[in-house]
Number of protein chains: 2
Amino acid sequence: MSSTQTDTKTRILDTTWKLLESGNKNVRMSDIAKAVGISRQALYLHYPNRADLLIATTRHIDSVKDIDGRLAESRAAKSGKDRLSAFIRAWVGYIPEIHGTSVALRAMQATDAEAAAAWNDRMQAMRHGCAAAVKAIKDDGLLLPHLTEDTATDLLWMILSVENWERLVRDCGWSQADYEATIQTLAHKALSG
Amino acid sequence: MSSTQTDTKTRILDTTWKLLESGNKNVRMSDIAKAVGISRQALYLHYPNRADLLIATTRHIDSVKDIDGRLAESRAAKSGKDRLSAFIRAWVGYIPEIHGTSVALRAMQATDAEAAAAWNDRMQAMRHGCAAAVKAIKDDGLLLPHLTEDTATDLLWMILSVENWERLVRDCGWSQADYEATIQTLAHKALSG
DNA sequence: TGTCAACTTTACATCGTGTCAAGCGGTTCG
DNA sequence: CGAACCGCTTGACACGATGTAAAGTTGACA
């Protein structure tokens, strides 16, 4: 509860964030400790293991960047298509912020069940946003007839995946703006023709 | 050159394939050795490291399943759109075969440069197929005007990624047939409206 | 009989995670 | 003042997986 403890915990999260987002793959516990300026063991006094630290880091980013608030804005849109656009805009703006953490967390999925669950959980939350946008379009009678709400949600979820962002922006060198424009078009075409 | 050596090498590849495709994450060198019926060290007499073994396994799968031949068939199509359909059909049928190996290889990307290069190489080969299909559509004058050949290739490449297959088929429980139908529609819409 | 190849057994180095225990320098409280 | 406590350090170690090294076994073939 003391302010020094809070400070160290926050410093750890900020540092972890920075390291992960610096594109440096293979960020080890010792790397983080060194960057924070504490011993590796002190890290374990604050976070019991690497998975917990990564998860805490994503939550930290969320609160700093107010992702919930940003996604919530899309609910204000009048029409289904506007809502879809707003949701995509919010989500797509969020991806670059969490990309480094996302890579690290996904890399742990294979070996760490807790990490897998944490990442899954976040993706399910995003999926709820997809489902809401799909429902709004359906309510407007604009959902393509051959799509159910579920399959449409799955499809939108797939289109908006972090992996797809990585492929176009990181691997193919697209600008964030090009990526967003293309993905907006693609998503609208996929759902409502 | 002796037939016993070839037999063991082949048995190793077949076993590795089977283990990876059984959905069993975290296939260790010792697991493979045990399944083959040889010592862990004997494995290293045939393949110097895990990355090499995984790469050899994908090449083995390729030759057994004749992926090159199957993808080549798409070149016979008359129209650009037929060509795209044929290419997607061939590739999409291939994904389930290599999925397990793909997961293992991608999991190594973070730590092993050789594994990353191998996976990259295979994806680039697939990308060439995408580029050829895009060119065929463009030659028919059916490529959407706002798309260049390069961006269209990137987009198709993204749509056909193994990760997207995983999301819909494995995570969302789609059948292979549903997946293929949806992805065919999506790809055609994305490129030529 | 001797050699060679394929394989075994045993042992060890390395790297990163995570655990354990003892100690140390402040602050705070009785 | 002194005891307790907190945040941290130092150092050592277990574990699991990969990969290396070396000596020994087995069977085929000449």
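Student: How are H10(A) and H10(B) oriented to each other?
Tutor: In this predicted model, H10(A) and H10(B) lie oblique to each other, since helix H10 of chain A and helix H10 of chain B, residues 176-192 in each, pack at an angle of about 130°, and an angle over 145 would be needed for roughly antiparallel.

Student: And how far apart are their axes?
Tutor: The axes of the two helices are 10 Å apart, and H10(A) passes H10(B) in a right-handed crossing.

Student: Which residues meet there?
Tutor: From H10(A) there are Leu186(A), Lys189(A) and Ala190(A), and these meet Leu186(B), Lys189(B) and Ala190(B) in H10(B). The residues of this contact divide into four nonpolar and two charged, with no polar ones.

Student: Staying with helix H10 of chain B, is His188(B) buried or exposed?
Tutor: His188(B), which is found in that helix, counts as buried because its relative accessibility is 13%, and buried means under 20%.

Student: What is His188(B) in contact with?
Tutor: Leaving aside neighbours within four places in sequence, His188(B) is in contact with Lys81(B), Leu84(B), Ser85(B) and Gly193(B).

Student: New topic: how many residues of helix H8 of chain B are buried?
Tutor: Eight of the eleven residues in H8(B), which covers residues 149-159, are buried, so this helix is largely enclosed by the rest of the structure. Among the buried ones are Asp154(B), Trp157(B) and Met158(B).

Student: What do those buried residues pack against?
Tutor: The buried residues of H8(B) pack against helices of both chains: H9 and H10 of chain A, together with H6, H7, H9 and H10 of chain B.

Conventions: Residues are numbered from 1 along each chain as its sequence is written. Chains are lettered from A and ligands numbered from 1 in the order in which they are written. This is a predicted model: local features need pLDDT of at least 70, side-chain atom pairs count only at pLDDT 80 or more; totals for chains, interfaces and linings use all residues. Side-chain values use heavy atoms; hydrogens and water are left out. Axes are lines fitted to C-alpha atoms, for helices over the stretch in contact, and angles run from 0 to 180 degrees between N-to-C directions. Helices (H or I, at least four residues) and strands (E, at least two) are DSSP runs, numbered from the N terminus. Angles under 35 degrees count as roughly parallel, over 145 as roughly antiparallel, 65 to 115 as roughly perpendicular and the rest as oblique. A crossing is left-handed if the near helix is turned anticlockwise from the far one by less than a right angle, and right-handed if clockwise. Contact means heavy atoms within 4.5 Å. Ala, Val, Leu, Ile, Met, Phe, Trp, Tyr, Cys and Pro count as nonpolar, Asp, Glu, Lys and Arg as charged, and the others, Gly among them, as polar. Buried means under 20% relative accessible area, exposed over 50%, partly exposed in between (1.4 Å probe, protein chains only).
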